[in-house]
Amino acid sequence: IETGLPALKDAVPFTMGSAFTRAETLGVHSELLAKHFNGVTPGNELKWDATEPREGEFTLADGDHLVDYGTRHGMTIRGHTLAWHSQTPDWVFADGAAAASKELLLQRLETHVRTLVTRYKGKISAWDVVNEVVDENQPDGLRRSKWYQIAGLDFIRTAFRVAHEADPAAKLFINDYNTEFPRKREALYALVKRLKAEGVPIDGVGHQLHLNIEQPPASSVEATIERFATLGVDQQVTELDVSVYTDFVSSYDSIPPELLVQQGHRYKELFDVFRRHAAQLSSVTVWGESDDVSWLRSWPITRLNAPLLFDDDLQAKPAYWAVVDPA
Ligand code: XIL
């Protein structure tokens with residue numbers, strides 16, 4: 001890695017995080033993480049399919065490894081995620097050949113949440129308790145996941161209650177994508193407002209911010225942060241990346257250099273907004289420290305993408321310079 005560069009974490013007024021996986025705790029990726037980031041989020045290792053593949057069988061070796069890594073490096077650790085419709089084994093929602101009852105589902109959720117949050121008590125300081133529960137195209141704004149179909153809003157209430165009991169000091173988040181778009185923003189806003197009014201222990205809202213080089217404008221990100229500020233909740237950017245593609249089908253053999261410059265301008269605009277709202281935003285996490293490890297190389301299709309701050313050789317991109325030296 002380039003050792004003479006200014007550290008990202010010293011250039012911003014909030015925690016600067018990255019997603020990472022076990023392989024990235026070794027070698028040059030680990031050096032890059034340690035130099036530039038003071039926050040980390042395990043990318044997959046704390047999801048349900050990784051942590052409880054069969055009922056009551058907790059497989060936490062990878063999670064332990066990543067949490068130990070973050071702790072040893074003095075990093076703030078985000079836990080991702082306790083209840084999600086994706087990367088969750090089918091058994092969670094089943095009772096033999098039938099669907100699980102609401103009672104059974106919530107009892108499994110309680111065991112799962114209590115086990116994970118207790119395990120990492122005092123080490124993981126923020127949890128994405130529920131992930132992607134909003135669907136702005138439903139009349140009530142709630143995603144028709146198996147969680148919702150079986151348990152309604154009670155799965156959200158239970159997950160937050162149990163997480164809070166297990167570690168009262170952990171900050172508990174509701175996390176979602178597309179929160180920068182007005183309809184999704186308002187659906188999430190209404191949900192958080194309702195749950196807070198009920199006394200559900202929600203501390204914050206996580207904005208994933210999977211963006212692209214054109215859309216949406218930084219002003220809509222800013223409008224979202226300002227909207228949630230009126231609820232008095234903490235906010236974090238949890239999964240930032242800026243795809244060089246504006247659709248789900250195009251594919252480059254090599255990335256046109258001008259797109260990387262354009263991407264730098266996008267990152268600058270975004271970090272200008274984040275810096276202006278540092279009082280509302282306690283951390284900003286990019287979804288990977290370097291392009292070679294980005295999930296956008298396999299989603300939504302397999303293609304060359306370059307959405308992050310460092311390239312495949314872990315060299316600083318225009319986007320990095322836009323963040324450390326936005327002038
Ligand atoms: C992604 C991981 O990065 C991939 O490795 C995995 O194959 C799929 O999930 N929203 C989320 C994250 O909340 O958990 C997702 O992470 C990216 C989209």
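A residue counts as buried here if 20 or more other C-beta atoms lie within 10 Å of its own, as exposed if 12 or fewer do, and as partly exposed in between, with C-beta atoms placed from the backbone. The model is a predicted one, so to speak of local features takes a pLDDT of at least 70 and side-chain atom pairs count only at pLDDT 80 or more, while totals for chains, interfaces and linings use all residues. Numbering starts from 1 along each chain as its sequence is written.

Overall, the chain has eleven helices and eleven strands, taken as DSSP runs (H or I, at least four residues, for helices; E, at least two, for strands) and numbered from the N terminus. Its radius of gyration is 19 Å, close to the 20 Å from the globule rule for 327 residues, so the chain is as compact as a globular protein of that length. That radius is taken over C-alpha atoms, and the rule is 2.2 Å times the number of residues to the power 0.38. Along the principal axes, the C-alpha atoms fill a box of roughly 55 × 40 × 40 Å. Of the contacts with a separation of 6 or more, 76% are between residues 24 or more positions apart; a contact means C-beta atoms, placed from the backbone, within 7 Å.

Now to the strands, where pairing requires at least two DSSP bridges. Strand β11 (residues 281-286) has five of its six residues buried, so the rest of the structure largely encloses it. Strand β1 (residues 15-20) runs parallel to β11 and is joined to it by four bridges, with T15 partnering S283. Four bridges also link β11 in the parallel sense to β10 (residues 234-243), where Q235 stands opposite L281. β10, helix α10 (residues 257-276) and β11 form a right-handed β-α-β unit; right-handed means that, with the strands pointing away from the viewer, the path from the first strand over the helix to the second runs clockwise.

Another right-handed β-α-β unit comes from β7, α8 and β8. In β8, G204 and G206 point one way and V205 and H207 the other, and all are buried.

α9 (residues 218-229) has twelve residues and reaches 17 Å between its end C-alpha atoms, close to the 16 Å expected, where the expected span is 1.5 Å times one less than the number of residues. Its residues V221, T224, I225 and F228 are buried. They cover an arc of only 95° around the axis, which puts them on the same side of α9; the arc is that of the directions from the helix axis to the C-beta atoms. Their cover includes α8, β8, β10, α10 and β11.Helix α4 (residues 61-72) has G63, L66, V67, Y69 and G70 buried. The face turned away from them carries the exposed A61 and R72.

Key
Two residues are in contact if their C-beta atoms, placed from the backbone, lie within 7 Å.
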